[in-house]
Amino acid sequence: MGPWSAAGDASTQRVLNESLKLADVVCAPLFPPRHGYLECSRPIDEIADGPSRGSLKITNRPGSQCILKCPTGYRLEGKFSKICGTTGEWIGDENGTCIRYPQPKLICPTSVNVELHPSDTENTTVRLRHPETDVSWERDVVVEPAWAKKDAFQLPLGSQNVSYSARHPVSKLHTDCTFTINVLPGSPPRVDFCPDTQVYTIEGRHQSVKATWEEPVFSDNVGVVTITKSNSPGTDFGAGSHLITYEAHDDAEWKSRCVFKIVVNVNPQQQQTGGQSTHLQLPILYNRFYF
């Protein structure tokens with residue numbers, strides 16, 4: 001036998017020795033975090049060590065790899081990926097865990113009140129704001145009846161129930177809610193309070209007086225959306241009679257007004273002309289106007 005044969009035998013023996021050593025190396029069983037399971041791959045020739053009490057015994061030899069998987073309704077947070085090393089120790093990251101997906105967020109109104117527009121007689125156009133949600137309105141939210149998902153639709157007088165269902169695209173968890181659309185007859189806002197005529201007198205050498213008043217109060221069956229006014233409390237007014245107008249509008253464009261007067265008189269002692277006093281006294285009209 002030549003020298004090459006001896007060298008070859010030594011090299012083969014070393015490989016065999018290393019293989020025998022690795023054949024005795026086994027990594028301890030891995031246990032997945034709560035709610036998860038492990039998906040493992042193992043060397044194909046070392047998958048089984050033979051039957052054990054009627055079942056197949058699986059061992060984790062060097063080279064075996066395991067990753068964490070999460071069931072439906074859960075997602076992986078962090079990283080969990082381990083490989084069995086040649087020393088029988090698991091190597092890799094194990095800070096991953098399975099956490100439950102939250103329920104989709106979906107906030108519906110308790111009810112929606114609309115009323116006929118002044119130009120409507122039987123039906124009115126309803127426009128709904130999209131509900132507050134953390135999933136896609138177009139893809140993940142189902143509306144019943146389906147036509148209520150449109151940006152605008154027609155409804156007659158009466159009530160209509162509408163249901164929303166938001167489904168998470170991954171976890172399949174869903175959240176549902178139902179509300180009612182009430183279509184009411186049209187009516188202008190109600191004037192709950194409108195001030196009486198306010199009377200002031202200019203004193204001394206002043207040319208005007210600062211007038212203040214308690215502001216009108218309106219209410220409406222669908223809610224007042226805007227109130228416009230000709231003047232605000234604290235405005236300076238000169239001598240004379242001044243009309244103050246407040247106008248309330250609701251969402252259906254019905255409107256009503258409160259109109260009252262600010263009357264400003266001049267003190268008889270304020271102006272002296274040639275030793276004689278001039279007196280400007282305006283008639284006081286205690287009236288309010290509603291439109």
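Is Lys-210 buried or exposed? Lys-210 is exposed, with a relative accessible area of 52%. The points below concern a predicted model.

1. Lys-210 and its partner. The side chain of Lys-210 meets that of Asp-236 in a salt bridge, at 3.6 Å from N to O. Asp-236 belongs to strand 22 and Lys-210 to strand 19, so the pair ties together parts that lie 26 residues apart in sequence. Asp-236 is partly exposed, with a relative accessible area of 46%.

2. Other salt bridges. The structure holds eight salt bridges. Side chains of opposite charge can pair when their charged atoms come close. One of the eight joins Asp-93 and Lys-79, at 3.8 Å from N to O. Asp-93 is in strand 7 and Lys-79 is in the loop between strand 5 and strand 6, so this bridge ties together parts 14 residues apart in sequence. Asp-93 is partly exposed at 36% relative accessible area, and Lys-79 is partly exposed at 46%.

3. Lys-105 and Glu-132. These two side chains also form a salt bridge, at 2.8 Å from N to O. The pair links distant parts of the chain: Lys-105 sits in the loop between strand 8 and strand 9, and Glu-132 in strand 12, 27 residues apart. Lys-105 is partly exposed, with a relative accessible area of 37%; Glu-132 counts as partly exposed at 44%.

4. Trp-137 and Tyr-164. The structure holds six aromatic pairs. In one of them, the ring centres of Trp-137 and Tyr-164 are 5.6 Å apart and the planes stand at 85°, so the pair is edge-to-face. Trp-137 lies in helix 2 and Tyr-164 in strand 15, so parts 27 residues apart in sequence are tied together. Trp-137 is buried at 10% relative accessible area, and Tyr-164 is buried at 3%. Lys-149 lies over the face of Trp-137, at 5.3 Å from the ring centre.

5. An aromatic cluster. Trp-213, Phe-237, Tyr-246 and Phe-260 form one aromatic cluster. Within this cluster, Trp-213 and Phe-237 make a tilted pair, with 6.4 Å centre to centre and 45° between the planes. Trp-213 lies in the loop between strand 19 and strand 20, and Phe-237 in strand 22, so the pair ties together parts 24 residues apart in sequence. Trp-213 counts as buried at 7% relative accessibility, as does Phe-237 at 5%.

6. Ser-219. This residue is found in strand 20 and is buried, with a relative accessible area of 18%. A polar contact of 2.7 Å joins the side chains of Ser-219 and Asp-192.

How values were computed:
Residues are numbered from 1 along each chain as its sequence is written. This is a predicted model: local features need pLDDT of at least 70, side-chain atom pairs count only at pLDDT 80 or more; totals for chains, interfaces and linings use all residues. Side-chain values use heavy atoms; hydrogens and water are left out. Rings of Phe, Tyr and Trp (its six-membered ring) pair if their centres lie within 6.5 Å; planes under 30 degrees apart count as stacked, over 60 as edge-to-face and the rest as tilted. Helices (H or I, at least four residues) and strands (E, at least two) are DSSP runs, numbered from the N terminus. Buried means under 20% relative accessible area, exposed over 50%, partly exposed in between (1.4 Å probe, protein chains only). A charge sits over a ring if NZ of Lys or CZ of Arg is within 6 Å of the ring centre and within 35 degrees of the ring normal. A polar contact is a pair of N or O atoms within 3.5 Å; within protein, one must be able to donate a hydrogen and the other to accept it, and residues adjacent in sequence count only if both atoms are side-chain atoms. A salt bridge is a side-chain nitrogen of Lys or Arg within 4 Å of a carboxyl oxygen of Asp or Glu.
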